[in-house]
Amino acid sequence: LTRTVLVLSFVSLLADIASEMLYPVIPVYLREVGFSVLLIGLLEGIAEFTAGLSKGYFGKRSDELGLRLPFVRAGYLLSALSKPMMALRTWPVWIFSARTLDRLGKGLRTAARDALLSREATPATKARIFGFHRGMDTLGAVLGPSIALAYLAWHPAQYRSLFYVALVPGLLAFLLIFLLRERREVASTLPPGNFFSFFRYWAVAGPGYRRVVAGLLLFALFNSSDVFLLLKTKEITGSDTITLLAYIFYNLVFALAAFPAGMLADRIGMRTVFVGGLLVFAGVYGGFALHPGRIGVFALFLLYGFYAAATDGIAKAWITNLAHRQNTATAVGFYTSGQSVCSLLASTVAGLLWSRFGSAATFWVAAGGAALTWLYFLVPVPADKN
């Protein structure tokens, strides 16, 4: 765990505290200032779509310049500044701009940051590096909502002021990045192009990269937003408090298990750990479809934390091991852009299934998709030599 890995991990921890502090508040706040549920859904869809596509573009730009830190700094700064913007004005156009700015910041930094992490590891230690970083990032999803709950207990319904509080960890994350220095890397050999030119990487990528990314995007088509898990938990328990506690519990398990899961993947193979995670996902979603009781909900969220630890950071580690070094950010950006689009489609379909056939249909389809992806990955993936 080098200095760069540690700094980037603490940066992600602070930034995620700022974001997750507002996660349970934003929908309530938007309803208070006059947003309908439809408008909230449209806002989130546009924001996530913006982040998704921009990851590929800015990843390619990072490779073209051979630099990472300018993109990382700018990305975290935009996300930090967007937090108080949400509270300054309540005009729909202003709110849309602030939320999109936050997601654009994520798009700016993600691929470049992951390329930095990849550079700090060897192929034999890649999964534990990404696992440690992902664990620290997810710890923010434990601390953020906990801070929000404590703040609102002392200041009931003071949602707007919480947006200003969230600026503090966001700016600290931005300032920490100045502890890092970098040297210019070998620039990408891909020709420059328009906003969508990062798609050209598919043509030059090795067969291993193409096969892994195809499988990951297949899974993303069935992996809808965690919001549906929270909605199902509320349906089962009838309690907002239990729902939020279950969400915090899941993130705590994820945070604690991510680094050990990465170490295990480095030891026995990323494909082995990843496909094991897919089976756990299928079991969790099948379990939710059966409408378990309150104890069952927490047992399933325990398993869901193990699934996330076995797949999230490991997927990126796997990709960077199969990517060309001079195009690492482009390779990550291509995958994360595709993942965002697929996840948006998955959430749309999940919502339609829920409204037409009931919540169980949403979870059975997702479980079936995970099982299908598990079958896809049973065949070994070729190891590219880049």
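Is Arg211 buried or exposed in this structure? Arg211 is buried, because its relative accessible area is 19% and buried means under 20% relative accessible area, whereas exposed means over 50% and partly exposed lies in between (1.4 Å probe, protein chains only). The place of this residue is in helix α10, which covers residues 207-220, where helices (H or I, at least four residues) and strands (E, at least two) are DSSP runs numbered from the N terminus. Between the C-alpha atoms of Arg211 and Pro380 there are 9.9 Å in space, although the two are 169 residues apart in sequence.

The model is predicted, and local features need pLDDT of at least 70, while side-chain atom pairs count only at pLDDT 80 or more and totals for chains, interfaces and linings use all residues. Residues are numbered from 1 along each chain as its sequence is written, and side-chain values use heavy atoms, with hydrogens and water left out.

We turn now to the packing of helices. Two packed helices are described by the angle between their axes and the distance between the axes. The axes are lines fitted to C-alpha atoms, for helices over the stretch in contact, and the angles run from 0 to 180 degrees between N-to-C directions. Helix α1 (residues 3-22) and helix α6 (residues 126-154) have axes that come within 7 Å and cross at roughly 30°. That angle makes α1 roughly parallel to α6, since angles under 35 degrees count as roughly parallel, over 145 as roughly antiparallel, 65 to 115 as roughly perpendicular and the rest as oblique. The crossing in which α1 passes α6 is right-handed; a crossing is right-handed if the near helix is turned clockwise from the far one by less than a right angle, and left-handed if anticlockwise. In the contact of α1 with α6 there are 16 nonpolar, six polar and three charged residues, where Ala, Val, Leu, Ile, Met, Phe, Trp, Tyr, Cys and Pro count as nonpolar, Asp, Glu, Lys and Arg as charged, and the others, Gly among them, as polar.

In the loop between α13 and α14 lies His291, which has a positive phi of about 60° although it is not a glycine. Most residues other than glycine have a negative phi, and most peptide bonds are trans. With a relative accessible area of 40%, His291 is partly exposed.

Helix α14 also meets helix α15 (residues 328-357), and the axes of these two come within 9 Å and cross at roughly 135°, so α14 and α15 are oblique to each other. Here α14 passes α15 in a right-handed crossing. Ala315, Lys316, Ile319 and Thr320 on the α14 side meet Thr328, Ala331, Val332, Tyr335 and Thr336 on the α15 side, contact meaning heavy atoms within 4.5 Å. By class, the contact of α14 with α15 holds five nonpolar, three polar and one charged residues.

The interior can be followed next. In soluble globular proteins, nonpolar side chains tend to be buried together. The largest nonpolar core here has 109 residues, and those with the most contacts inside it are Tyr209, Tyr285, Phe288, Phe301 and Tyr304; such a core is a set of buried Ala, Val, Leu, Ile, Met, Phe, Trp, Tyr and Cys residues joined through side-chain atoms within 4.5 Å. Helix α14 contributes the largest share of this core, 14 residues. Leaving aside neighbours within four places in sequence, Phe288 is in contact with residues including Leu229, Ile236, Phe301 and Phe363.

Some single residues complete the tour. Tyr201 is found in helix α9 (residues 201-204) and counts as buried at 0% relative accessibility; not counting residues up to four places away in sequence, Tyr201 touches Leu190, Tyr209, Ala323, His324, Asn327, Thr330 and Ala331. Arg119, found in helix α5 (residues 92-119), counts as buried at 15% relative accessibility, and beyond residues up to four places away in sequence Arg119 touches Glu182, Arg183, Glu185 and Arg325. Pro70, in helix α4 (residues 69-88), counts as partly exposed at 41% relative accessibility.
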